[in-house]
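Thanks for coming. I will show one model and walk through a few parts of it.

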Amino acid sequence: MTQTLTITTPDDWHLHLREGDALRAVVADSARQFKRAIIMPNLRPPITTVDQALSYRAQIMAALHEQGLDSLGFDPLMTLYLTDNTRVEDIEAIAQSAHVYAVKLYPAGATTNSDQGVTDLLGRCTKVLETMQRLSVPLLVHGEVTDPTIDVFDREAVFIERVMIGLRRAYPALKVVFEHLTTKDGVDYVREAEGPIGATITPQHLLYNRNAIFTGGLRPHWYCLPVLKRETHRLALVQAATSDNPRFFLGTDSAPHARHLKEHASGCAGCYSALHAMTLYATVFDAVGRLDRLEAFASHRGPDFYGLPRNTTKITLVKEPYQVPEQLPFGKASLVPLASGETFPWRVQAGV
Ligand SMILES: NC(=O)N[C@@H](CC(=O)O)C(=O)O
Ligand SMILES: [Zn+2]
Ligand SMILES: [Zn+2]
């Protein structure tokens, strides 16, 4: 008999949906597996006010509507992009809003569309951080320093020392999500830290180490930020995700970029995983004999951290081979999903 696994419908606590044709090309992939997703605000220009977040959300809902997918009931949870100029009123507006849930910190220059990010968090954002702490608005952190003298592979570990510890000491009750955790240093920090902290973990950082970027030649579709790390770090992430620690939960960081911009002299950072995210996570959990923890990681710990109800619907995963397409349409361009062409042992039961 084919093995199946039925779990509470999961949520994706870190997702890039883009805009326009790109949005229309990818949004259904998330909506078919996930009930809710935290939508990243790193558009051009970035989403910095509640009004902008609401009109972006309307764009997302319209894209689903055009494709006849309203009945999926997908709920995009919006975020604002923290800048040096974010105002206390912007945070107060979040607390009043039914659709905006968090503020995202991109250190200036750290990643895709982060040039308007924060230059001096503890110097320039004190009033805003105080207000977030008081109103229980979570800060979602891209945790890498941008100092060019720091080795790319060390930027997360150095961020903990230079920024995270001081930030959390200054605002001990601020809810913080350490996004797309990639190192054993990060896992140890999140596990041991006091106060309200959580961390998202992507499928690529659970499945691959940095050798994947260089196997048989330079492979741009395995390039994301924070970059894949060595095997010891991957093992620590798998251990954390499959443990019973409520601080570690699912966030794909699915980040679509057109094929020609990935296969480029300065290729964009980001892996597209929304298409087959639950296939990838189930593969990891099954490989270490911990499918029993997949539901907690994918469906329970995220809403618990954000103080939201868990979903009441279910999805079923089936242990049948799933082959990842070589590429997908992406407006006028094409999109190469993570591990394109490869076969994995689990798939989501087709419902819609
Ligand atoms: N993760 C990535 O490699 N890229 C993300 C940005 C981010 O999450 O840092 C993107 O928007 O492309
Ligand atoms: Zn990031
Ligand atoms: Zn991201």
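I start with burial: a residue is buried if 20 or more other C-beta atoms lie within 10 Å of its own, exposed if 12 or fewer, and partly exposed in between, with C-beta atoms placed from the backbone. This is a predicted model, in which local features need pLDDT of at least 70 and side-chain atom pairs count only at pLDDT 80 or more, while totals for chains, interfaces and linings use all residues. Residues are numbered from 1 along each chain as its sequence is written, and chains are lettered from A and ligands numbered from 1 in the order in which they are written.

With that definition, R18 is buried, because 20 other C-beta atoms lie within 10 Å. R18 is found in the loop between strand 2 and helix 1; helices (H or I, at least four residues) and strands (E, at least two) are DSSP runs, numbered from the N terminus. L17 is found in that loop too, between strand 2 (12-15) and helix 1 (20-33). L17 counts as buried because it has 25 C-beta neighbours inside 10 Å.

Next, contacts, meaning two residues whose C-beta atoms, placed from the backbone, lie within 7 Å. Leaving aside neighbours within four places in sequence, L17 is in contact with L23, V26, V27, I39 and I60.

UniProt positions are given in the numbering used here, feature names are shortened, and annotations may be inferred rather than shown by experiment.

Now the ligand. Which residues surround ligand 1? They are H16, N42, T111, T112, H142, C224, L225, D253, A255, A269 and G270; a residue is taken as near if its C-beta atom, placed from the backbone, lies within 6 Å of the molecule. By class, this shell has four nonpolar, six polar and one charged residues. Here Ala, Val, Leu, Ile, Met, Phe, Trp, Tyr, Cys and Pro count as nonpolar, Asp, Glu, Lys and Arg as charged, and the others, Gly among them, as polar.

On to strand 5. Six of the six residues of strand 5 (residues 100-105) are buried, so the strand is largely enclosed by the rest of the structure. Four bridges join strand 5 to strand 4 (residues 75-81), and the two run parallel; strands pair if DSSP finds at least two bridges between them. L80 has V103 as its bridge partner in strand 5. Strand 5 also runs parallel to strand 6 (residues 139-141), with three bridges, and there L105 stands opposite V141.

One residue in strand 5 is K104. UniProt lists K104 for "modified residue: N6-carboxylysine", again from an unreviewed entry. K104 is buried, with 25 other C-beta atoms within 10 Å.

Three strands form an open sheet in the order 1-10-15, with antiparallel pairing. Strand 1 (4-8) and strand 15 (347-348) stand at the edges with a single partner strand each, so one side of each is left without a neighbour in the sheet. Two bridges join strand 10 (residues 314-318) to strand 15, and L317 stands opposite V348 in strand 15.
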